[in-house]
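Me: I'm new to this one and would like a slow walk through it. Please put it up, and I'll ask as I go.

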Amino acid sequence: MPLKKFNVRVQAVVYQTADIKSYELVEPQGAALPEFSAGAHIDVHLQNGLIRQFSLCGSSLDRHVYKIGVLKEKSGTGGSEFVHENVHVGQMLEISEPKQMFKLNAQADRHLLIAGGIGVTPILAMLHTLEREQSDYVFHYCTRAAENTAFLSDIEALVKHGEVHMHFDGGNPAEGLDLRATLKRHAEGTHLYCCGPVGMMEAVKSASDHWPSGTVHFEYFSETSPSGDDDQQILADREFQIQLSSTGEMMTVPADMSIVEVLRANGVFVDTSCEEGYCGTCLTRYLSGEPEHRDEVLDEEDHEDYVLICCARSYSDVLVLDL
Ligand code: FES
């Protein structure tokens with residue numbers, strides 16, 4: 001299911017902190033942009049060939065502007081630095097339509113949101129929705145210090161109904177939010193959403209491992225991939241076959257190649273970005289077979305129809321892809 005791509009114009013660039021800028025993107029003729037729901041992200045196709053994902057942080061009701069926040073990561077793979085240095089007001093950018101992999105659970109009685117640093121961006125969009133719906137929620141925002149904290153004034157202006165707790169740790173996580181204490185008890189009907197640095201998300205994952213299945217949601221946002229701790233990842237990879245539904249063509253995926261690599265080697269090109277199972281760019285529908293999912297972003301319901309082909313393998317001998 002390739003995502004539609006289109007051009008937008010950069011309408012505004014604002015320094016949120018010394019190393020975080022926010023960007024407003026509009027349709028060049030002023031038309032409405034594709035709709036999205038809180039937690040969605042877009043792919044930005046940079047002029048240097050990189051594709052990077054950025055969460056939409058504005059209100060999902062505003063169809064005339066997409067807002068994103070970008071932290072300049074000096075230790076990253078260059079995408080955020082490129083954006084900071086080369087994306088200016090008035091410039092055109094190619095982006096994808098929004099992709100939703102971090103949605104608010106509509107059945108939840110209450111929501112617990114934890115953001116670390118630039119991980120606030122999808123949570124900010126969620127605050128818009130939760131405030132509008134007058135939902136029961138608590139938001140913990142963890143940063144180093146007030147001067148490193150993006151979107152503070154937006155949050156102060158927005159939050160009327162929910163509870164917000166700021167945690168400034170001065171660079172020492174032990175001085176910040178006590179995750180073990182916060183997540184010790186799971187109140188029935190509560191869903192947890194977390195986005196931030198990988199280390200923080202691993203700590204949240206560990207502190208919430210007793211929460212019921214399906215109630216904890218993560219958005220992997222960093223340019224660094226999460227460390228895999230899934231038992232499936234220690235299984236020895238084995239060979240299997242894929243079939244393209246459009247042509248019936250069969251291809252062998254050897255133990256040391258990914259589905260994406262095999263497709264490329266056979267002249268079939270699909271968009272990818274992280275190639276490690278956390279951005280969702282390579283999302284593909286499958287029609288039959290039993291994938292061995294190895295991603296960090298899709299939930300059980302998504303896995304019934306979709307597979308991230310940069311990292312998935314197959315339990316069945318043949319996996320039929322909707323390509
Ligand atoms: S390319 Fe990022 S999940 Fe596959």
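Me: Where is the place of Gln-134?

Reply: Gln-134 sits in the loop between α2 and β8, where helices (H or I, at least four residues) and strands (E, at least two) are DSSP runs numbered from the N terminus. Please keep in mind that this is a predicted model, in which local features need pLDDT of at least 70 and side-chain atom pairs count only at pLDDT 80 or more, while totals for chains, interfaces and linings use all residues. Residues are numbered from 1 along each chain as its sequence is written, and side-chain values use heavy atoms, with hydrogens and water left out.

Me: And is Gln-134 buried or exposed?

Reply: Gln-134 counts as exposed, because its relative accessibility is 54% (buried is under 20% relative accessible area, exposed over 50% and partly exposed in between, with a 1.4 Å probe and protein chains only).

Me: What about the phi of Gln-134?

Reply: The phi of Gln-134 is positive, at about 55 degrees, although the residue is not a glycine. As background, most residues other than glycine have a negative phi. Glu-275 is another non-glycine residue with a positive phi, near 55 degrees, and its place is the loop between α6 and β14.

Me: What does Glu-275 form a salt bridge with?

Reply: The partner of Glu-275 is Arg-264, and their closest N and O atoms are 2.4 Å apart (a salt bridge is a side-chain nitrogen of Lys or Arg within 4 Å of a carboxyl oxygen of Asp or Glu). Arg-264 belongs to helix α6 (residues 259–265) and Glu-275 to the loop between α6 and β14 (283–288), so the pair ties together parts that are 11 residues apart in sequence. Arg-264 is partly exposed at 30% relative accessibility, and Glu-275 is partly exposed at 31%.

Me: How many salt bridges does the structure hold?

Reply: The structure holds eight salt bridges. Among them is the one between Lys-99 and Asp-43, with the closest N and O atoms 3.4 Å apart. Lys-99 lies in the loop between β6 (92–96) and β7, while Asp-43 lies in strand β3 (residues 41–45), so this pair ties together parts 56 residues apart in sequence. Lys-99 counts as buried, at 5% relative accessibility, and Asp-43 counts as buried too, at 3%.

Me: What about Asp-322 and Arg-285?

Reply: Their side chains meet in a salt bridge, at 3.8 Å from N to O. Asp-322 is in the segment after β18 (318–321) and Arg-285 is in strand β14, so the pair links parts that are 37 residues apart in sequence. Asp-322 is partly exposed at 34% relative accessibility, and Arg-285 is partly exposed at 29%.

Me: Switching to helices: why is α5 largely enclosed?

Reply: Helix α5 (residues 198–207) is largely enclosed by the rest of the structure because seven of its 10 residues are buried. These buried residues are Val-198, Met-200, Met-201, Glu-202, Val-204, Lys-205 and Ala-207, and what covers them includes β7 (110–116), β8 (136–143), α4 (179–183), β10 (190–195) and β11 (216–218).

Me: Which residues of α1 are buried?

Reply: In helix α1 (residues 79–86), Gly-79, Ser-80, Phe-82, Val-83 and His-84 are buried. The buried residues of α1 pack against β2 (20–26), β4 (51–55) and β5 (66–71).

Me: One more helix: where is Glu-131 found?

Reply: Glu-131 is found in helix α2 (residues 120–132). Glu-131 is buried, because its relative accessible area is 10%. Leaving aside neighbours within four places in sequence, Glu-131 is in contact with Tyr-137, Leu-158, Val-159, Lys-160, His-161 and Gly-162.

Technical notes: Contact = heavy atoms within 4.5 Å.
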